[in-house]
Amino acid sequence: MSKIKIVVCDHIHQSGLDILAKSSDIEYINAADEPKDKLVEEIITDAEVIITRSSTDVDNYLLEHAKELKAIVRAGVGVDNVDIDACSKRGIVVMNVPTANTIAAVELTMTHMLSCMRQFPYAHNNLKQDRVWRRQDWYGIELKDKKLGIIGFGNIGSRVGVRAKAFEMDVVAYDPYIDPSKATNLDITYTTNFDDILACDVITIHTPKTKETIGMIGKEEIAKMKDGVVLINCARGGLYEEEALVEGLKSGKIYMAGIDVFDKEPATNHPLLDLNNVTVTPHLGANTKESQRNIAIQSAENAILAARNISYPNALNLPIRENELPSFVKPYLELAQKLGNMAAQITKSGVKSIKVVTDGDINSHLDSLSTFATVGVLSESLADQINYVNAEFVAKERGINIEKDISTNNSGFKNLITIKVSTQNGNVVKLSGTVLEESLQRVVEIDDYTLDLEPKGNLILFKNNDEPGVIGDVGTIIAKYNINIADFRLGRNKNSQALAVIKVDDNINKELIEKLSKLPACISVRGVTL
């Protein structure tokens, strides 16, 4: 019987290689030291599974040569070097190893926190390199009784909270997408008010990098912070606006910052490196011997499972095979995910339940549509941590109830999908959509407002009391921000209320949303980007 070929493209811990070597049905090749052109053009041409890190770009060039490839394991969390869409089109499953470095990232966060509070690296260098013994220059600050704000309370953030409690810190958690009991059960304060975080003595961030979290700490947020605040980022580069961070450190508003990640890496000429109130490391979140061993073991085990076609742990995509899925269903899968994501952006809070209802020929694909809708809802808060394989499991783990139903009502459409999302604070949003002709996706109802909307681009959802002059007021405010209106859709209900969905050409900023919310007729306003 011929063996299944697995190629290791980049260096991983020996323990992972040992697992591959001991599998009698696996032919494994360690090509980590081979030139990349030889790797792509010769070695992986008949490989069924490859294991990569960040040194190998999984792009069209590689995929065109890997004719037999059916799965890719990214030995780590980030998949920036993998073209997931291109893999999906070829039916190749992309997997990562998201939890193997959790403790390493947690402990690095605590290292930066302690180093900042005691200015440890500078005291160390002063003695060891300068040979100066000046104890009076290094008065630090204790963690005890200080308030720690944690942004993102997942696997890493929650463990940082537990360790901070051991230092007798007062811990506050901000994560609108979790059940508050996850924090309160640990005797940690849970808040939905971001200003509570900005009022803390120390702030650490542990969120995925999404359109919502990029630059979430900027000049405006830093201005609200305490003088002498300490900021930590061992999560993803770009979550802090780096220019604002540098400015805050130079002015003394920020006492110290502990930074492991940068917006663009390697960051050997970054202005942060010129400052004397920063502790920096070169993206070492996963760099422990234990973490590297765990990553290698999990990567090897997952690669073998995929090679044997047993399972695809932590799959980040769903292979779409043309001959296995009716062509009319595909745009509905994408529409379901968009509707779910729209609902998540509208609610902006922890989800309690997701209900998916179908009507028409798509009824027989309800399970798949429900999965895509769930991915859409959860990806707003979890980004690349959520995938088509783990979506319903993650929902269940978070206490989110998923309901599926088939409608017998005549909607007037050949096929209709409805997504209803209920939140922990009692809000409910319902969206319905259909596909016209072969692939024209349309949102046809938002709550009880009927309209015709393409789910694409930058959208402002403005709900208001239906009275004269509102449309003009909204247009005037948008024009003041030099933003062009590309489309304007309006729905009305029986309660003398209206919903305007305004498509604009530019990004929607918080200041514009706040300005619109102050109009007397406004009931609610949300920005949505698809």
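Q: Is K253 buried or exposed, and what is its relative accessible area?
A: In this predicted model, K253 is found in the loop between α11 (242-251) and β11 (254-259). A residue counts as buried when its relative accessible area is under 20%. K253 falls under that cut-off and is therefore buried, with a relative accessible area of 16%.

Q: Which residues is K253 in contact with, leaving aside its neighbours within four places in sequence?
A: The lysine sits in the loop that runs between α11 and β11, and its relative accessible area of 16% makes it buried. Once the neighbours within four places in sequence are left aside, the residues in contact with K253 are I222, A223, M225, K226, D227, G228, V229 and G248.

Q: What covers the buried residues of α11?
A: The buried residues in α11 are E242, A244, L245, V246, G248 and L249. One of them, G248, is also in contact with K253. The cover over the buried residues of this helix includes α10 (219-224), β10 (229-233), β11 and β12 (278-280).

Q: Which residue just after α11 takes a positive phi, and of about how many degrees?
A: The loop between α11 (242-251) and β11 (254-259) is the one in which K253 is found. Just after the helix, the backbone takes a positive phi of about 90 degrees, and the residue concerned is G252.

Q: What is the phi of Q119, which is not a glycine?
A: Q119 has its place in the loop between α5 (102-118) and α6 (120-128). With 15% relative accessibility, Q119 counts as buried. Although Q119 is not a glycine, its phi is positive, at about 50 degrees.

Q: Where in the chain is D447 placed?
A: D447 is a residue other than glycine, and its phi is a positive value near 55 degrees. The place of D447 is in the loop between β17 (440-446) and β18 (449-453).

Q: How many residues apart are D10 and K36, whose side chains meet in a salt bridge?
A: The side chains of D10 and K36 meet in a salt bridge at 2.9 Å, N to O. This pair links distant parts of the chain, with D10 in the loop between β1 (4-8) and α1 (14-22) and K36 in helix α2 (residues 36-43), and the separation is 26 residues.

Q: Is D10 buried or exposed, and at what relative accessibility?
A: In the salt bridge between D10 and K36, the lysine is partly exposed, with a relative accessible area of 33%. The cut-off for a buried residue is under 20% relative accessible area. D10 therefore counts as buried, at a relative accessibility of 3%.

Q: Which strands hold K147 and D170?
A: The side chains of K147 and D170 meet in a salt bridge at 4.0 Å, N to O. K147 counts as partly exposed at 31% relative accessibility, and D170 is partly exposed with a relative accessible area of 36%. The salt bridge between K147 and D170 links distant parts of the chain, 23 residues apart, in strands β6 (residues 147-151) and β7 (residues 170-174).

Q: Which residues are linked with K211 in a network of salt bridges?
A: K211 forms a salt bridge with E380, and the closest N and O atoms are 3.3 Å apart. This pair links distant parts of the chain, with K211 in the loop between β9 (202-205) and α10 and E380 in helix α14 (residues 366-382), 169 residues apart. K211 is partly exposed, with a relative accessible area of 46%, whereas E380 is buried, with a relative accessible area of 4%. The residues linked with K211 in the network are E212, K348 and E380.

Q: How far apart in space are N125 and V93, C-alpha to C-alpha?
A: N125 lies in helix α6 and is partly exposed, with a relative accessible area of 28%. N125 and V93 are 32 residues apart in sequence, and their C-alpha to C-alpha distance in space is 48 Å.

Conventions: Residues numbered from 1 in each chain as written. Predicted model: local features only at pLDDT ≥ 70, side-chain atom pairs only at ≥ 80, totals over all residues. Heavy atoms only, no water. Helix = DSSP H or I, 4+ residues; strand = E, 2+ residues; numbered from the N terminus. Buried < 20%, exposed > 50% of the residue type's maximum accessible area, 1.4 Å probe, protein only. Contact = heavy atoms within 4.5 Å.
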